[in-house]
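Q: I would like to learn how to read a protein model, one feature at a time. Where should we begin?

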Amino acid sequence: MPSCTHERANGELDVAIGAQTTVTLELTEHVRHFTSLGRRRDIRPVRRHADDADRLLREIKAIRQARSAPSPLPDPLADLPG
């Protein structure tokens with residue numbers, strides 16, 4: 001029986017594959033996550049397995065550098081005729 005390195009906790013998202021956790025991403029603020037059953041959870045740490053953890057971290061860093069501010073929300077009136 002595989003053992004886990006982290007106990008389940010509210011406000012955390014663990015995406016375990018084969019009970020292996022390689023990368024923990026600590027977000028600066030809570031993000032809304034919906035479970036497969038549609039339940040809402042606000043999370044900060046995200047743990048996931050990555051076959052190539054170095055590549056995953058490089059890609060996350062590249063996204064952070066390219067994105068200095070949150071994306072704007074779409075204008076709900078933009079598609080209305082008028």
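**Reading the model**

A: The protein has 1 helix and 3 strands; helices (H or I, at least four residues) and strands (E, at least two) are DSSP runs, numbered from the N terminus. This is a predicted model, in which local features need pLDDT of at least 70 and side-chain atom pairs count only at pLDDT 80 or more, while totals for chains, interfaces and linings use all residues. Residues are numbered from 1 along each chain as its sequence is written, and side-chain values use heavy atoms, with hydrogens and water left out.

Q: What pattern does the protein follow along the sequence?

A: The order is β-β-β-α.

Q: How do strands β2 and β3 pair?

A: Two strands pair if DSSP finds at least two bridges between them. Here β2 and β3 run antiparallel to each other, with 8 bridges. The hairpin of β2 and β3 has 5 residues between the strands, and in it G38 takes a positive phi near 85°.

Q: How many residues of the protein count as buried?

A: Buried means under 20% relative accessible area, exposed means over 50%, and partly exposed is in between (1.4 Å probe, protein chains only). Of the 82 residues of the protein, 13% are buried. The protein exposes about 7400 Å², and carbon and sulfur atoms supply 52% of that area. Accessible areas come from the Shrake-Rupley method with a 1.4 Å probe; for residues, only the protein chains shown count as cover.

Q: Is A50 buried or exposed?

A: A50 has 11% relative accessibility, so A50 counts as buried. This residue is found in the loop between β3 and α1. A50 and V23 are 27 residues apart in sequence, and their C-alpha atoms are 6.9 Å apart in space.

Q: What should the 14 residues of α1 span?

A: The expected span of a helix is 1.5 Å times one less than its number of residues. For α1 that gives 20 Å, and the end C-alpha atoms are 20 Å apart, which agrees. Of the 14 residues of α1, the number buried is 1, so the helix lies largely in the open.

Q: How many salt bridges does the structure hold?

A: A salt bridge is a side-chain nitrogen of Lys or Arg within 4 Å of a carboxyl oxygen of Asp or Glu. The structure holds 4 of them. One of these joins R44 and E26, whose closest N and O atoms are 3.8 Å apart. That pair links distant parts of the chain: R44 is in strand β3 (residues 40-48) and E26 in strand β2 (residues 23-34), 18 residues apart. R44 counts as partly exposed because its relative accessibility is 29%.

Q: Which residue forms a salt bridge with E59?

A: The partner is R55, and the closest N and O atoms of R55 and E59 are 2.9 Å apart. The two residues are 4 apart in helix α1 (residues 53-66), so about one helical turn separates them. R55 is partly exposed at 48% relative accessibility, and E59 is partly exposed at 40%.

Q: Which residue forms a salt bridge with D42?

A: That residue is R32, and the closest N and O atoms of the pair are 3.8 Å apart. D42 is partly exposed because its relative accessible area is 33%.

Q: Which residues does D42 touch?

A: Contact means heavy atoms within 4.5 Å. Not counting residues up to four places away in sequence, D42 touches G11, H30, V31 and R32. D42 and G11 are 31 residues apart in sequence, yet 5.5 Å apart in space, C-alpha to C-alpha. For the protein, residues 24 or more positions apart account for 47% of the contacts with a separation of 6 or more.

Q: With which side chain does the side chain of D42 make a polar contact?

A: A polar contact is a pair of N or O atoms within 3.5 Å; within protein, one must be able to donate a hydrogen and the other to accept it, and residues adjacent in sequence count only if both atoms are side-chain atoms. The side chain of D42 makes such a contact with the side chain of R40, at 3.3 Å.
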